[in-house]
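I opened the notebook to look up a few things in one structure. The entries below are in the order I took them.

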Amino acid sequence: MPPLLTAAQMSAADRKTIERIGLPGAVLMENAGAACVEILLARLPELATGRGRVLILAGRGNNGGDGFVIARRLMQAGAGVTLWLFGELDHLRGDAALHAQVFVNLGGTVRTIADAADIEAGRGALSHATAVVDAVFGTGLQRPVSGIIASAFEQVIASGKPVLAVDIPSGVSADDGSILGTALPARWTVTFAAKKIGHVAHPGAALCGETTCAPIGIPDDLLTIAEHTVAENTLADLNPPARLQAGHKGSFGHLLIVGGSPGKAGAPALTALGAQRMGPGLLSIAAPRGVRPEAAQFCPEAMTLNLPESESGEIGAAPWEAIAASGIKPAGLAMGPGLGQGEATAAAVLGLLARYDIPTVADADALNALAREPIALAQVLEQRRAPLILTPHPGEMARLINKEVASVQAARLPLARETAQRWGVWLLLKGAGSVIAAPDGRVWINSTGNHGLAAGGSGDLLTGIVAGLLSQGWSAEQALRAGVYWHGRAADLVAEKRGAAGLAARDLLPELQRLRNGVAE
Ligand SMILES: NC(=O)C1=CN([C@@H]2O[C@H](COP(=O)(O)OP(=O)(O)OC[C@H]3O[C@@H](n4cnc5c(N)ncnc54)[C@H](O)[C@@H]3O)[C@@H](O)[C@H]2O)[C@@H](O)CC1
Ligand SMILES: [K+]
């Protein structure tokens, strides 16, 4: 799987193509503009028959230069073209200046947009446009989009006209998919040579619409990046351990699930059901005494054990004593589903993390507990050797790092990466385009899954899937990446048959087993 590039990596490849290969930048720009026009004419054929008009928004840099190529080619194809330049024509430089001049030489007109009055004067061009081309900022975006450009974007958004983004929607950071100021959402995005991180990482990815990656003459070997930055999550390079053909139940690990509280007995049971389809040898659900019989009913193959309970029926003090007394020797631990937020929960979670230095997934209420005890968490993490995987949704992430949900969502990738590195944990930030961050700074963006997963129970199931693989000896990377991929893919397979809305977490189970065994892909 090719990595997703940063803006700096892309411009290095551009530069090498120009300097080492000798292909001029103006030719790359010509190819870039041509690719955009090809998509635009394919999507809106009326443009080529003189029945359509296009409003092109151009910036001062090379993204604007692509806009001038597009303007010329559309004009020559018979479309009506209006070009708004956010800057002065004689301030353009290099290849952008060259293509602007060619456009003007062919009779194209350039309208400079400097203030609100200029936009007001040009309103007709927007209202008569069949489509808008966004060639304002590409990989050179450096700071939040504001001022007159932001007002123009707001008017385009209000007009509802379809937008084709050149390279990436203006306002989306190519480096991490965050939104800088006001961004212009696109119906189509045409990018060049390789996808950038911002095309796949949310929230920016949601603004790209249908994304096409067009070759513009940059050789593939110049796009190869030695160090891993960010990649799409696929299973291609995972190489998980093979299953022992002559194995017995002791060969495939014992997963211990700690969860449940009054009214939430189903959560740890769903974790067990998800884990089960991944093939661990043994499963145990440990739940507060009063909840255990109910949790046990959902998954007869799992063993169950009583944990001490508090007055409210949630997990009580020193649950590790009950676990030790049971004699089980877990190879993996999943904590949190349905655990509740009782007074003893934080001490229980931290105590288990300290005493069971085995591969662990902490989810849901275990995360809420950890969020309340940052200092104790840091101390525990200091002592642990086995991997810890945290799987917050945006609300849990916000509590973990003491931020608002909106700021978490605005910068999903950088926050996940920073937290994983700082704490030395694996972190899965759930939600559309789940971000998988390794303690060493590597990141994967997952694209499987659909809105059917936005329902109670699907996170509990995912915890079990990942922990079920971990307890069989899969590495944290293998378990987390495969688990997240399959969880989403199973939902997609169900949605293909019955649609996404109304998905029950249990519907994923047969598909998960098929995916686990390579019977489905
Ligand atoms: N030879 C090349 O490097 C090629 C570049 N191409 C195009 O060039 C683009 C990159 O061009 P540039 O590096 O010139 O950068 P951009 O055209 O993306 O940005 C232009 C300049 O705008 C300024 N700017 C950034 N953020 C701003 C903000 N919020 N408000 C106001 N001004 C801001 C910066 O000074 C930046 O350099 C690519 O995205 C692609 O579309 C393509 O033509 C292919 C070849
Ligand atoms: K753009």
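What share of the 521 residues in the chain is buried? I looked this up in what is a predicted model, and buried residues make up 51% of the chain.

**Entry: the whole chain.** I found 19 helices and 17 strands in the chain. I took a box along the principal axes, and the C-alpha atoms fill roughly 85 × 50 × 45 Å. I then looked at contacts between residues at least 6 apart in sequence, and 73% of them join residues at least 24 apart.

**Entry: around ligand 1.** I listed 27 residues around ligand 1, and G61, N62, N63, G138 and G140 come nearest. Helix 1 (7–21), helix 2 (25–43) and helix 3 (62–77) are the elements that give two or more residues to this shell. Helix 3 gives the most, with five residues. I sorted the shell by class and got ten nonpolar, twelve polar and five charged residues.

**Entry: helix 3 and helix 4.** I went on to how helix 3 packs with helix 4 (residues 94–105): the angle is about 25° and the axes are 8 Å apart. Angles under 35 degrees count as roughly parallel, and the two helices are therefore roughly parallel to each other. I noted their crossing as left-handed. Helix 3 makes the contact with N62, G64, G65, F68, V69, A71 and R72, and helix 4 with D95, A96, H99, A100, V102 and F103. I sorted this contact by class too, and it has seven nonpolar, four polar and two charged residues.

Conventions
Residues numbered from 1 in each chain as written. Chains lettered and ligands numbered in written order. Predicted model: local features only at pLDDT ≥ 70, side-chain atom pairs only at ≥ 80, totals over all residues. Near = placed C-beta within 6 Å. Helix = DSSP H or I, 4+ residues; strand = E, 2+ residues; numbered from the N terminus. Nonpolar A, V, L, I, M, F, W, Y, C, P; charged D, E, K, R; others polar. Buried ≥ 20, exposed ≤ 12 C-beta atoms within 10 Å, placed from the backbone. Contact = placed C-beta atoms within 7 Å. Axes fitted to C-alpha atoms, helices over the stretch in contact; angles between N-to-C directions. Parallel < 35°, antiparallel > 145°, perpendicular 65-115°, else oblique. Left-handed = near helix turned anticlockwise from the far one by under 90°.
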